[in-house]
Amino acid sequence: VLYTILLLLPLSGCEWDKNNSAFSHESLFRTDIKTVYVKMFQNKSFYRKVEYDLTRALCQRIEHQLPYKVVSSPNNADTILEGTITGVTSKALVSERILDRPLATEIRFKCQVTWKNLKTDELYIDHQNIRVVSDYKKLLAQSQRSALQDAANTAAISIVSSMEKPW
């Protein structure tokens with residue numbers, strides 16, 4: 001009986017198709033690109049300095065997570081990444097009963113991103129909208145500035161993840 005089971009065991013499994021494998025050893029990112037120029041983001045919101053936070057966070061994320069090098073001039077770059085912060089809004093989530101001061105506040109951060117190959121003019125990301133939410137609590141000694149930096153970091157993470165090759 002054991003001998004029969006051992007003979008039939010290889011026949012009972014699923015067939016593995018090597019050509020249509022679900023797994024791949026290819027890079028998730030474009031291999032024809034080596035350098036990226038990250039242009040300073042435009043800011044259409046009333047919150048100042050968030051464009052610096054987003055551009056800095058994006059450059060750091062690209063350098064640490066992607067196989068690309070960030071360069072300081074578009075003349076030396078294969079691609080250019082640029083965008084606009086289209087809105088930053090603040091909304092009180094919880095307020096004090098008597099003084100009506102906000103205790104917890106939500107920051108909504110919206111931007112639009114374009115990533116273009118400078119050699120072929122191909123658009124890899126075409127005006128993609130990115131929306132992130134961050135919050136801060138005054139009772140925990142958090143500030144609006146820290147929430148804006150957190151929103152910029154979260155937006156940078158989202159932008160970097162959208163730089164993957166399409167599957």
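Two strands are taken to pair if DSSP finds at least two bridges between them. Helices (H or I, at least four residues) and strands (E, at least two) are DSSP runs, numbered from the N terminus. The structure is a predicted model, in which local features need pLDDT of at least 70 and side-chain atom pairs count only at pLDDT 80 or more, while totals for chains, interfaces and linings use all residues. Residues are numbered from 1 along each chain as its sequence is written, and side-chain values use heavy atoms, with hydrogens and water left out.

Strands S4 and S5 form a hairpin with 6 residues between them. They run antiparallel and are joined by 15 bridges. Ser95 has Pro102 of S5 as its bridge partner. In the turn, Asp100 has a positive phi of about 60°. A second hairpin is formed by S5 and S6, with 5 residues between them. These strands are also antiparallel, and 12 bridges join them. Lys110 is bridged to Arg131 in S6.

Ala104 sits in strand S5. This residue is buried (under 20% relative accessible area, with exposed over 50% and partly exposed in between; 1.4 Å probe, protein chains only). Its relative accessible area is 13%. Contact means heavy atoms within 4.5 Å. Leaving aside neighbours within four places in sequence, Ala104 is in contact with Lys91, Ala92, Leu93, Val94, Tyr136 and Lys137. The C-alpha atoms of Ala104 and Val94 are separated by 5.1 Å, although the two residues are 10 residues apart along the chain.

A nonpolar core is a set of buried Ala, Val, Leu, Ile, Met, Phe, Trp, Tyr and Cys residues joined through side-chain atoms within 4.5 Å. The largest such core has 37 residues, of which Leu54, Ile62, Leu81 and Phe109 touch the most other members. At least two residues of this core come from each of S1 (35-38), H2 (50-65), S4 (79-95), S5 (102-117), S6 (123-137) and H3 (144-161). H3 gives the most, with 8 residues. Phe109 touches residues including Val50, Leu54, Ile85, Ile130 and Ala155, not counting residues up to four places away in sequence.

Helix H3 has 18 residues. The expected span of a helix is 1.5 Å times one less than its number of residues. For H3 this gives 26 Å, and the end C-alpha atoms are 26 Å apart, which agrees. Its buried residues are Ala147, Leu148, Ala151, Ala152, Ala155, Ala156, Ile159 and Val160. They pack against H2, S4, S5 and S6.

Aromatic rings of Phe, Tyr and Trp (its six-membered ring) pair if their centres lie within 6.5 Å; planes under 30 degrees apart count as stacked, over 60 as edge-to-face and the rest as tilted. The whole structure holds 2 aromatic pairs. In one of them, the rings of Tyr68 and Trp115 have centres 6.0 Å apart and planes at 50°, so the pair is tilted. Tyr68 lies in the loop between H2 and strand S3 (69-71), Trp115 in strand S5, 47 residues apart. Both residues are buried. Ring pairs link Tyr68, Trp115 and Tyr124 into a cluster.

Most residues other than glycine have a negative phi. Lys49 has a positive phi, near 75°. Lys49 is placed in the loop between strand S2 (42-43) and H2. Its relative accessibility is 52%, so Lys49 counts as exposed. Asp121 also has a positive phi, near 60°. Asp121 lies in the loop between S5 and S6. Asp121 is exposed, with a relative accessible area of 52%.
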